[in-house]
Amino acid sequence: MGVTNSNKVIDTRQIPCGGSLGVTLALTAAPEIISNPTDIVLVLDRSGSMTGAPLQDMKLGAKTFIDIIDQSTDSTVDGQIGSGSRMAVVSFANTATANVPLITDTATLKSAVDGLTAGGGTNHADAFSKAMALFDPSSANGKVMVLFTDGATTTGAPPAPVAAAARAAGIIIYCIGLIGSGGLDVNALNAWATDPDASHVAITPNGADLEALFAQLAANISKPGATQVVIHEVVNPDFVITGIQPPAKGSASLLDSRSLRWEIPQLGVSSSESAALEFQVRHVGSTSGLREVNQSIAYQDAEGNLVSFPTPAVSVDCDIVVCAEPCPTPADLTVKPCSDWVVADLGEVDLQSQGRVLDLGVTIKQVCPGRRVALAAILTEVDACGNEHRRGMKVLAVPAHSHPQCRDVLVKCIRFVVPEEGGPSCGAICTPRSYRVRFLANTMDTDYRCCPSQVTV
């Protein structure tokens, strides 16, 4: 089934300039067997060479296999194989027996496995034949045969033509081999199994490893949703990433102030599974408007799932900024290549008194739309005795805004030049000076209208 859902959400739809918000990346994956029902026949060797520990190890591995398929098909080990899949058990020695037909009840399957006893020769051809007979040719389900054996063929017809006929009928054959006292023929297993051998044949000399082999094979048959997942997130230049919550699945790291990497070894291998990553971003832009949080997000995994994420946007509300006094117009100057001397006439400049420049700003609260504001800035200097001396006043007309609601307006660049004349004997800016600034603000526009009605008494 692969990746069944990918999402990206933010925890708010509006922030002020410089505000923060939380972002959550979410991913869900599920085994393919959920959407593609499969009939599986376990074909288990119970010949005499399996007596003792090998038989017990095989039983443990086969029951683990049944549990994993159970969980893969309905996301829980509930004793029932779900999503339309079924399983059967065939065992073989001198001849083969169909112990359980294709069913969904795992207790019956496990009971059949537990009831196997070892003894006799090894008839692989009859094992393939009995297993093939359990599949319904008219069923749309996938068809899988899992053969376990610990020895070479000792009785019956040659098994290779029967295995070839099974593959020709669309049955996928997996082989698990235990190198035991029966003289396992690995080349024969490679010939019987579906190609490529590397993904359909598993061999071990140790019976204790059988459980792990059966478990891995069950995961392969159910086809994990996503493995080796890597997600690379880059946020919009208007934002920076300020923190990452450690995810419950995988690991995440901050690559730089605007990008992160989330790695998940596997997701949805044995059942439908979800993962989430939470991180925080802060707005660092200077303009209002709707801003997409992410610039780009790249996804990759070992299965080649094609995944895309939404691109949520947040409304950024910055204060209106009015610059009361613009900076002086610059004069352009170009130095030609290979020149180490330049002479240029850059025009004229008015002489200004030597002094200190006070660059002030003030926020006018709750200015309603369509209203101009008269703003006065009154500057005084405070001497050592606490007396105030007038140093200047500026009156500005703040233009009206068109925002639908009353809002704050930031007025910047209200500049006063305060000469140093009459200051301390040391000359220019050697000692601190104290000032007080008072602001007066009044609305210049009103709702007053002449009454058009005329009343006659």
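Buried means under 20% relative accessible area, exposed means over 50%, and partly exposed lies in between, with a 1.4 Å probe and protein chains only. By that rule Cys175 is buried, at 2% relative accessibility. Cys385 is exposed, at 69%.

A word on the source. This is a predicted model, where local features need pLDDT of at least 70 and side-chain atom pairs count only at pLDDT 80 or more, while totals for chains, interfaces and linings use all residues. Residues are numbered from 1 along each chain as its sequence is written, and side-chain values use heavy atoms, with hydrogens and water left out.

Now the disulfides. A disulfide is a covalent bond between the sulfur atoms of two cysteines. Here the rule is a pair of cysteine sulfur atoms within 2.5 Å. How many disulfides does that rule give? The count is 2.

Cys17 joins Cys318, S to S 1.7 Å. Cys17 sits in the loop between β2 and β3, Cys318 in the loop between β17 and β18, so the pair ties together parts 301 residues apart in sequence. Strands are DSSP runs of E, at least two residues; helices are runs of H or I, at least four; both are numbered from the N terminus. Cys17 is partly exposed, at 34%. Cys318 is buried, at 5%.

Next, Cys368 and Cys406, with sulfur atoms 2.0 Å apart. Their S-S torsion is about 90°, so this disulfide is right-handed.

Last, helix α4, residues 159-168. Pro159, Val162, Ala163 and Ala166 are buried.
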